[in-house]
Amino acid sequence: MKKGYLSEYFEGVAVKTLSKVDADCSSSNQHEIGTTKAMREFLEEEHQKKFHTTYLWFGGEQEGFSVDDYSTHYDTRIGKEDRPPEWRLYYRNNPVTDCMNQGDTLFLAKRRNDHLLFVVAPAGSSIESQLLWLFGYSNQPELKFSARSYSADEGAEIDFTARFLLDELGIEFEDPNANSIDTIIDRFGFQFPKTREFSDLARLTLPEVDVSEDPDLAIIAWLDHEEAMFRRLERRIVSARIEEGFVDQGEVDVDGFLSFSLSVQNRRKSRMGLSFEHHLAAVFDAWSIEYTKGAKTERNNTPDFLFPGETAYFQDDFPNDHLSMLGAKSVCKERWRQILPEADRIEAKHLVTLEPAISAAQTDQMAAHLVQLVVPNSIQSSYTVEQRNWLWSLRDFVDHVKRLERLP
């Protein structure tokens, strides 16, 4: 089976910490950043080469926006044969560069189509950790660019975790095995089924996955397969809608197009969270674990999973230390705090996520609030060694709940 690699999307990437001159346009005569010899392996040494550039700003754990513009790679000493070349990337002021601060991290990545990504992330943020992991950097960036080029079948393999980050960058993953999924989704025609039905079908069509043997592997395999099914069906439905055109009473229907585009994005976001919960329930069912999904607790709160269930939770004589709850968030960001008031009787709470490389600052805060983060094994490699020593796998959580069930 053919697998995708990062080299299919990028020719090279460079990363650095922004200096005062880099970040503060008022302290520099021009908006430009010097490039290194290693960077010019993929930027090339063509004077005044213009690149279509997408500028992306990730401001902390929640904010993010992008701007499309251009940048120009040029030699400041062109025509001065007595002096060595000095190459710089020039860019115009824009809302993203306005937000840059000294100490932020800049990722400059060149796509295969001569498209540049100019990505700025705050130092110590989760998105910085995630992008460093995606592009294969184990050390924090320095003031000078560190660059690498990708040849065929090099760079990170595009697995479930890497696709998550490509989505963050606005890059559509192209599944090399997409055609093989058509026979599975043909039954739906040009309609999206309910998420539960899609999740059930994903598990049914992966009979080789043994959840009783490895729940961490199983849930990623199910989610991965369902994601491929969904994207293939989505492409079919969206393509058909675009072919119809957006015309209202003889005029271009801009509002109709924007509404349709927004519905596509919203469906993607909501579907992943629901799918995650459906597959988690399938894991617990396969392990014969007692639980209530969406139980009502104090103040009408609804933890995603309550163990051994809502009935036991409201029995006054049921021991608090025999209870457990699990919040499920495919992406945490700052939303992990939402689980804190969801079950007053349970002091130490558990939260499972699919988000890779959450910053150490965030996981330290979770631990301080007695929130134990649960991350499937294959995603844990994106975290630091210190974090991995603290993280639980899904199997760890399953074993924890089964142990509670055996307590007298």
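Phenylalanine 164 is found in helix α5. At 14% relative accessibility it counts as buried; buried means under 20% relative accessible area, exposed over 50%, and partly exposed in between, with a 1.4 Å probe and protein chains only. Phenylalanine 164 and valine 331 are 167 residues apart in sequence, and their C-alpha atoms are 9.6 Å apart in space.

Now the ground rules. This is a predicted model, in which local features need pLDDT of at least 70 and side-chain atom pairs count only at pLDDT 80 or more, while totals for chains, interfaces and linings use all residues. Residues are numbered from 1 along each chain as its sequence is written, and side-chain values use heavy atoms, with hydrogens and water left out.

The chain as a whole comes next. The secondary structure comes to 14 helices and 15 strands. These are DSSP runs, numbered from the N terminus: helices are H or I with at least four residues, strands are E with at least two. Of the 408 residues, 50% count as buried. The C-alpha atoms fill a box of roughly 85 × 55 × 45 Å, taken along the principal axes. Among contacts between residues at least 6 apart in sequence, 64% join residues at least 24 apart. As for charge, the chain has 46 positive and 69 negative side chains, and the centres of the two sets lie 2 Å apart. Lys and Arg count as positive and Asp and Glu as negative, with His and the chain ends not counted; the place of a charge is NZ of Lys, CZ of Arg, CG of Asp or CD of Glu.

On to the sheet. Eight strands form an open sheet in the order β2-β5-β4-β3-β7-β6-β1-β8, with mixed pairing; two strands pair if DSSP finds at least two bridges between them. β2, residues 32-34, and β8, residues 146-149, stand at the edges with a single partner strand each, so one side of each has no neighbour in the sheet. The twist averages 25° from one strand to the next. Axes here are lines fitted to C-alpha atoms, for helices over the stretch in contact, and angles run from 0 to 180 degrees between N-to-C directions.

Helix α4, residues 126-134, packs on this sheet, touching β1, β6 and β7, and its direction makes about 40° with that of β6. How many of the nine residues of α4 are buried? Seven are, and the helix is mostly covered. Among them are Ile127, Gln130 and Leu131. The cover over the buried residues of α4 includes β1, β6, β7, α5 and α11. Just after α4, glycine 136 takes a positive phi of about 85°.

Next, the β2 end of the sheet. Three bridges join β2 to β5, residues 87-91, and the two run antiparallel. Glycine 34 stands opposite arginine 88, and isoleucine 33 stands opposite leucine 89. On its other pairing, β5 joins β4, residues 65-75, in the antiparallel sense over five bridges, with leucine 89 as the bridge partner of histidine 73. In a regular strand the side chains alternate between the two faces of the sheet. In β5 the covered face is Trp87, Leu89 and Tyr91, and the uncovered one is Arg88 and Tyr90.

Then β1. Eight of its eight residues are buried, so β1 is largely enclosed by the rest of the structure. Seven bridges join β1 to β6, antiparallel, and lysine 16 stands opposite leucine 106 there. β1 and β8 pair in the antiparallel sense over four bridges, with alanine 147 in β8 as the bridge partner of alanine 14.

Last, a residue from another strand. Histidine 350 lies in strand β14, residues 349-353. Is it buried or exposed? Histidine 350 is buried, with a relative accessible area of 6%. Leaving aside neighbours within four places in sequence, its contacts include Met325, Ile339, Trp392 and His400.

Note on methods
Contact means heavy atoms within 4.5 Å.
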